[in-house]
2 protein chains.
Amino acid sequence: MSKEITSRSSDYSQWYNDLVIKGQLADYSAVRGCMVIKPYGYTLWENMRDVLDKMFKETGHTNAYFPLFVPKSLFEAEEKNAEGFAKECAVVTHYRLKANPDKKGALMVDPEAKLEEELVVRPTSEAIIWNTYKTWIQSYRDLPILVNQWANVVRWEMRTRLFLRTAEFLWQEGHTAHATKEEAVAEAEQMLRVYADFAENYMAVPVIQGVKTPNERFAGAEETYCIEAMMQDGKALQAGTSHFLGQNFAKAFDVKFSDKNNKLDYVWATSWGVSTRLIGGLVMVHSDDEGLVLPPKIAPLQVVIVPIFKGEEQKAKLDEKVKGEILPALKALGISVKYDDNDNNRPGWKFAEYELKGVPVRVAIGMRDLENNVVEVARRDTKEKKQYSLDGLPNALQNLLDDIQQSMFEKAKASRDEHITKVDTWDKFVKVLDDKGGFILAHWDGTAETEEKIKELTKATIRCIPLNNELEEGKDVLTGAPSKQRVLFARAY
Amino acid sequence: MSKEITSRSSDYSQWYNDLVIKGQLADYSAVRGCMVIKPYGYTLWENMRDVLDKMFKETGHTNAYFPLFVPKSLFEAEEKNAEGFAKECAVVTHYRLKANPDKKGALMVDPEAKLEEELVVRPTSEAIIWNTYKTWIQSYRDLPILVNQWANVVRWEMRTRLFLRTAEFLWQEGHTAHATKEEAVAEAEQMLRVYADFAENYMAVPVIQGVKTPNERFAGAEETYCIEAMMQDGKALQAGTSHFLGQNFAKAFDVKFSDKNNKLDYVWATSWGVSTRLIGGLVMVHSDDEGLVLPPKIAPLQVVIVPIFKGEEQKAKLDEKVKGEILPALKALGISVKYDDNDNNRPGWKFAEYELKGVPVRVAIGMRDLENNVVEVARRDTKEKKQYSLDGLPNALQNLLDDIQQSMFEKAKASRDEHITKVDTWDKFVKVLDDKGGFILAHWDGTAETEEKIKELTKATIRCIPLNNELEEGKDVLTGAPSKQRVLFARAY
Ligand SMILES: [Zn+2]
Ligand SMILES: [Zn+2]
C-alpha cells in the first residue's frame, strides 16, 4: 500500500480518508456504512474514553448498561424523539436463520421466526432507559440518578464517512434524573463544561460553547447545549452535545416521584454524549500533508526511538543504552514509548511511518550520538529537530510533550480565531462563506423561517448561540428585521 | 422492595435471582431475554474487565473494534460456524420506520426500506473479523495478529437467566492469526491459562482446565479448551473457552500469507472469550443466604464504614476521625471505601444492606470506640467480628482483604474438591449425580454415541477431558467398552 497522502489543497476529502486509512486508525468494512476501528485507532479511543470516564466519575456519575434493542412500542412513546430517529433505524424483525432449501450451504431468514414486536437497534437510549428509570424511582430519595453508558449505537445514515458519520459508532451517553428543573439544567451545563475541558485540554481542540436554536435541538430536548469546533477547511464540527430534556421523557414513560412533602411530580432529565466522531475532528484540526498530528495527552504512542546502526556490534551497544536506561526511565515517568529496532525496515522508512501516524516525539540514536552522549529529537507538530543531551533526557522529553500539547492548542486556536468573521451584509455573508469559510458572526432575527432560508441559500446553519452572548442591537443579515444578538453560522460536517 | 433473600435450600434458583436483583447487580428489561446491568453490577464488570484487559495487554494483545452486523453471505461462509449459530440469530431486515397511517402516533416498519441483504447481529465475530484479516495479511511479516475486542453480542436464547444466559451479553473475544499451527495452539493454551489465573486469583473461583470432546466444541473449532467451575448446587459452569480454529476460517475467507520462502499457505487462527456470564458463576460460588459475598480484588466496594451516633455533636466527632484520617489513609493504599453517613437509614439497616451487597469488610465506629481508639470490623465471608485498633488500621484492613480473598478461594476449592467423585459403575453414576451432584470422574469409551446416550439418560455432559489427564485402563461407565482415561462429567448451566 502506498503511504502517499493526498494534499489538503488538492483534495481535502481524500486527504482526510488517506489519513484515517493509511494512518491505521480505521478502515471500511464489508457492512455498508460501518467501519473497522484498527488497533492504533482504538488505542486512541481508549485513551480518550479513559480521560472522559475519569471526568464523569469525578463529577459523581457511575456506568451501567442497558439493552441494545428497543421494542418499537417503547421507541415511539416520546413522539418527537421517535420522529427524529425513525428514518434511520435498523430494525430486527426475525430471530432465526434456516438452511435455504434452494441453495446448498446458504441460509435464509426463517419466516416462522418473526418477532411479534419489532426491535429497533438503539440509535440513542432515552426510551429504554426511561422505561427502566420508572422502576428505579419512587421518591426524592432515589434522586438524582447519575448514570452513564459506554455503548455502540446505530443510525442508518445514507452518506457515510469514516468516524464523522457511520451507521454504527461508539459513544457514551449520560442519562440523569433529577427532582428539580434547576438541578437538571445545572447538570446539562456542567457536562457541557466537562466536554469543553476535554476538547481543549486533552484533544487540543478549541471549542465554542453555546445552545442550539429550536430547529437544531435534539429530538425531544427542551434545550441542547453544544461545543462547536472549526476544521482546517473552514467547516464546523459539532463535537459534543448536552441536553436538558425537561419532563418530556418522564411524561412519555410516566416517571413520577414524591417530594419531601409527599407531592407527586414528573422527574426532570438530561442526556449528553460524545462519540468516535471526535476522532474525525481531531484528525481534521491538527493533521498536515505528511500525516496525522496527535496531541501527546491522548496519543496511542508518545515517543518512538529509532536506532541507527551498522552490524550487530553497534546494535548491541545501542540496545544496551536504550533498553537498559532510556526505556525504563521514560516508562517510570508514565510516558508511552516504543523502541523500534525492527530489522526489516530502514530508519528513513520508519521516520516516514511515525510521521504519518502522528507520534508526537521521535528520537533517533546512532553510534556518534552515543559517543557524544546525545540524541536527535524531532517533534511531529513543528517538524523541528534538536540535539538533546542523554543526561536528563526523560524530564526533557516530558517537558517537550507538554510543550507540544500546549503549542498544538495555541496553533489550533489562532487558526480558529482567524476563522471567525463578523459580517453585517448578505453579500459579505455569502462571499466570506465561499472564499474563506469558518464561523460567521451575524445578526439573526430569531425566526425559524429565516434560519431555514439561509440554510437553503447557502448550506450554512446556525451552529449555536454562544453562551454568555453579548447583546447588541442590529438587523438580520438576510431579512433586515430587528435582531438583539449575533449568532454563529457555518457550513458544517 | 423486600430485602428478604430466598434460602438456597428452599429454592436455589430463586435464591440466585434474589441475589442478582436485590443485590443490585442487574434486572430484567422490557426486551425479552435482555438485562439491564445496574451501576453496582457494572462496576463489578468494569473491575473484572480492567484486570483481564491488563492481562491481555501484558501478553501482547491490543484492542480493536469490528462491526456489530455481519452480512448474511459472510455469516454463512464458514459452514459449521454458521450452522452452529443460525438458530439463535437476531436479523436486521429493514433500515427505516415510518408513520403508521392506521394509528396516530404509531410507527411501522417501512416496507420500502428493506435491505437487499439481511444483516445478522453478531453472535460471535469470527466471520466479520476473518473477512477483515484478509485485507491485513499478505506476508509472514504481518503475523501474528493479536487482537481482542470488548463488545456486546446477541444470541437468541429461548430460556434466559440473568447473567447466565441472556439474549444480549457483554464479552471480550480475542481473535488471533498465526503463521504456524504450533504458534496458534500455544496461543490458545496461553489464553486458557490467563483465564484460569483470572478465575482463581481474582474471582477466587477454582477451575479445572481441559479440552472439550468433539461434540461439545465451538462450531468451527478444531480444539476447544475450557475452564470449568463448580456451583454450590452441584452443577458445573463453563467459565471461559479458548479455541484453536485450525485453518477453517482462513479457508472460508481465503486468507493466505507468503512465508519466508515465498510459499503461500492459509493462516492459522484462535479465538477466545469470557463474558458477563462469569458474574453469574461468581455469585453462585461464593454467596450465602444473607446475600452476595464478593472477593475483595474485584468487589465494587471493598470497605464500608458505618458511624453509630446520637446527635450532631457525636456525628461531628466521628466525621472528623473518619473523613480526616481513616478515609484518606485507606484511599492512599488503593482501597475502595465508602463512609455511609446517610441520615435516612439506621445502622442495622445499613449492616443488612452491605451484607446483601457482599461488601467484603464493614467497619462500625461509635463514640465509645473512638474513646477506646478502636473500631468494630466485620468480614462478610465468615461474618466474624473483631475489634481493631485505630493505630495501624489501614494496613490491618489491607491484610484482612488479602486474607478474605485467600480464604474465599480455599473455601470454594475445598467445596469443589469435595464435589469430585470417582465413579466406576452406572448405578453409582446416576446415584451420585442425583444425590450429591458435582463433577464425576468416570471412564468413557471415547465415542460420541455413548456421550449422547449418557446425556439423554441423565442430562450430564462431558465437561472436559482435563489437561495432563492421567491415563488409566478401565471400562466405560455405561457401555463397559474399554477406556484409556476418566473424563469429567456433570450437569451444567
Ligand atoms: Zn482559511
Ligand atoms: Zn454438596
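Visitor: Let's start with a loop. Between which strands does A:Lys383 lie?

Guide: A:Lys383 sits in the loop between strand S20 (374-379) and strand S21 (385-389) of chain A. Strands here are DSSP runs of E, at least two residues long, and helices are runs of H or I of at least four, both numbered from the N terminus. The backbone is worth a look too: phi of A:Lys383 is near 65°, a positive value in a residue other than glycine.

Visitor: What should I know about the model before reading on?

Guide: This is a predicted model, in which local features need pLDDT of at least 70 and side-chain atom pairs count only at pLDDT 80 or more, while totals for chains, interfaces and linings use all residues. Residues are numbered from 1 along each chain as its sequence is written, chains are lettered from A and ligands numbered from 1 in the order in which they are written, and side-chain values use heavy atoms, with hydrogens and water left out.

Visitor: How many helices and strands does chain A have?

Guide: Chain A comes to 14 helices and 27 strands. Its radius of gyration, taken over C-alpha atoms, is 26 Å, close to the 23 Å that the globule rule (2.2 Å times the number of residues to the power 0.38) gives for 493 residues, so chain A is as compact as a globular protein of that length. Along the principal axes, its C-alpha atoms fill a box of roughly 80 × 70 × 55 Å.

Visitor: How do I read a sheet, and what is the strand order in the open sheet of 11 strands?

Guide: Look for pairing first: two strands pair if DSSP finds at least two bridges between them. In chain A that open sheet runs S3-S9-S10-S16-S13-S12-S11-S24-S27-S23-S22, with mixed pairing. Its edge strands are S3 (62-63) and S22 (420-422), each pairing on one side only. S3(A) runs parallel to S9 (residues 145-154), joined by 2 bridges; A:Thr62, for one, has A:Val147 as its bridge partner in S9(A).

Visitor: Where are the cis peptide bonds?

Guide: One joins A:Leu143 and A:Pro144, with omega about -10°, and A:Pro144 is in the loop between helix H5 (126-136) and S9 of chain A. In chain B, the bond from B:Leu143 to B:Pro144 is cis as well, with omega near -5°.

Visitor: Now the interface. How is its size given?

Guide: Often as the accessible area lost when the parts come together. With a 1.4 Å probe and summing over both sides, chains A and B bury about 5300 Å², 66% of it on carbon and sulfur atoms. A:Tyr65, A:Leu97 and A:Leu107 lose the most area in chain A, together 12% of what that side buries. Contact (heavy atoms within 4.5 Å) takes 64 residues from chain A and 64 from chain B.

Visitor: How many salt bridges cross it?

Guide: The rule, a side-chain nitrogen of Lys or Arg within 4 Å of a carboxyl oxygen of Asp or Glu, finds 2 across the interface. One salt bridge links B:Glu46 and A:Lys57 (3.2 Å, N to O).

Key:
Buried area is the accessible area (1.4 Å probe) that two parts lose on being put together, summed over both.
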